[in-house]
Amino acid sequence: MKRIHLYALSLLLLAGCAQGQPNDHTPAKLPALKPGEAVATFAGGCFWAMEEGMNQLKGVREVISGYAGGNVKNPTYEQVGTDETGHAESVQVYYDPKVISYSQLLDAFFAGHDPTTLNRQGPDVGRDYRSVAFYRTPEEKAEIMEAIKRTNESKHYANRVVTEVTPITVFYPAETYHQNYFALHPNQPYIQSVSLPKVEKLRKAMVGHLKNSTALTMLD
């Protein structure tokens with residue numbers, strides 16, 4: 001469960017997480033790229049919210065939660081949670097660049113989490129929750145740097161962006177029970193109190209690029 005400072009809330013979130021969770025620990029399978037499709041990888045705190053947020057966007061076919069940026073092969077969620085693997089909770093986005101550009105994905109990424117907090121996102125603390133934009137080409141690196149400049153200049157955040165800009169080496173898919181977790185567990189306390197506000201923040205920033213412009217089902 002996510003690390004937090006308040007003990008009482010920790011017990012509440014843990015209880016919510018344990019209720020009815022199937023916990024299939026088999027690693028998910030990565031989808032094959034379709035013709036004309038591109039892939040992008042980001043880390044922005046808990047992958048439950050980032051996966052759901054990116055899935056809200058037109059042109060995004062699939063988002064896989066996983067781990068990247070570390071030095072341990074095929075890590076488990078428990079190993080990553082020790083903060084000793086170097087990995088960050090990440091998402092891999094499979095998208096159609098003719099529908100949504102990499103620059104627009106970056107806008108969604110920077111809107112969907114707080115890129116100004118070092119090694120934490122809200123109640124979640126540790127390098128496994130750090131903000132990272134992974135790039136595959138020099139062009140993507142340049143776009144990330146431009147997006148960081150754009151975000152800083154917008155003054156949307158009180159502090160400056162501390163997102164790491166790192167070449168991707170390998171992405172390890174997380175266990176099956178983490179995939180699509182937000183949609184499958186809408187009433188889970190952590191989802192309601194931490195993940196949902198982040199997804200709504202992304203949706204608000206990406207109006208016009210959403211698959212569905214109506215409120216999320218859990219808010220209807």
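A nonpolar core is here a set of buried Ala, Val, Leu, Ile, Met, Phe, Trp, Tyr and Cys residues joined through side-chain atoms within 4.5 Å, where buried means under 20% relative accessible area, exposed over 50% and partly exposed in between (1.4 Å probe, protein chains only). The model is predicted, so local features need pLDDT of at least 70 and side-chain atom pairs count only at pLDDT 80 or more, while totals for chains, interfaces and linings use all residues. Residues are numbered from 1 along each chain as its sequence is written, and side-chain values use heavy atoms, with hydrogens and water left out.

The largest nonpolar core has 44 residues, of which Phe42, Met54, Leu57, Val93, Tyr95 and Leu105 touch the most other members. Apart from this core lies another, of 10 residues, with Val39, Ala43, Val132 and Ile168 among them. Leu57 is in contact (heavy atoms within 4.5 Å) with Ile100, Leu105, Ala108, Leu202, Met206, His209, Leu210 and Lys211, once its neighbours within four places in sequence are left aside.

Strand β1 covers residues 38-44; helices (H or I, at least four residues) and strands (E, at least two) are DSSP runs numbered from the N terminus. Seven of the seven residues of β1 are buried, so the strand is largely enclosed by the rest of the structure. In a regular strand the side chains alternate between the two faces of the sheet. In β1 both faces are covered, with Ala38, Ala40, Phe42 and Gly44 buried on one side and Val39, Thr41 and Ala43 buried on the other.

Two strands are taken to pair if DSSP finds at least two bridges between them. Strand β1 pairs with β3 (residues 88-95) in the antiparallel sense over five bridges, and Val39 stands opposite Tyr94 of β3. Four bridges join β1 to β6 (residues 131-135), again antiparallel, with Thr41 opposite Phe134.

Beyond its neighbours within four places in sequence, Ala40 is in contact with Val91, Gln92, Val93, Tyr95, Tyr102, Leu105 and Arg136. Ala40 and Arg136 are 96 residues apart in sequence, yet their C-alpha atoms are 8.1 Å apart in space.

Helix α2 (residues 47-55) is likewise mostly covered, with nine of its nine residues buried. Among these buried residues are Phe47, Trp48, Met50 and Met54, and also Glu51, Glu52 and Asn55.

Side chains of opposite charge can pair when their charged atoms come close. The structure holds six salt bridges, each a side-chain nitrogen of Lys or Arg within 4 Å of a carboxyl oxygen of Asp or Glu. One of them joins Asp107 to Arg150, with the closest N and O atoms 2.8 Å apart. Because Asp107 lies in helix α4 (residues 102-111) and Arg150 in helix α5 (residues 138-154), the pair ties together parts that are 43 residues apart in sequence. Asp107 is partly exposed at 32% relative accessible area, as is Arg150 at 30%.

Glu164 takes part in two of the pairs described here. Its salt bridge with Arg127 has its closest N and O atoms 3.2 Å apart; Arg127 lies in the loop between β5 (124-125) and β6 and Glu164 in strand β7 (residues 164-167), so parts 37 residues apart in sequence are tied together. Glu164 also meets Arg130 in a salt bridge of 3.3 Å, N to O. Arg127 is partly exposed at 36% and Glu164 at 25%, whereas Arg130 counts as buried at 3% relative accessibility. Elsewhere, Glu37, Arg61 and Glu62 are linked in a network of salt bridges.
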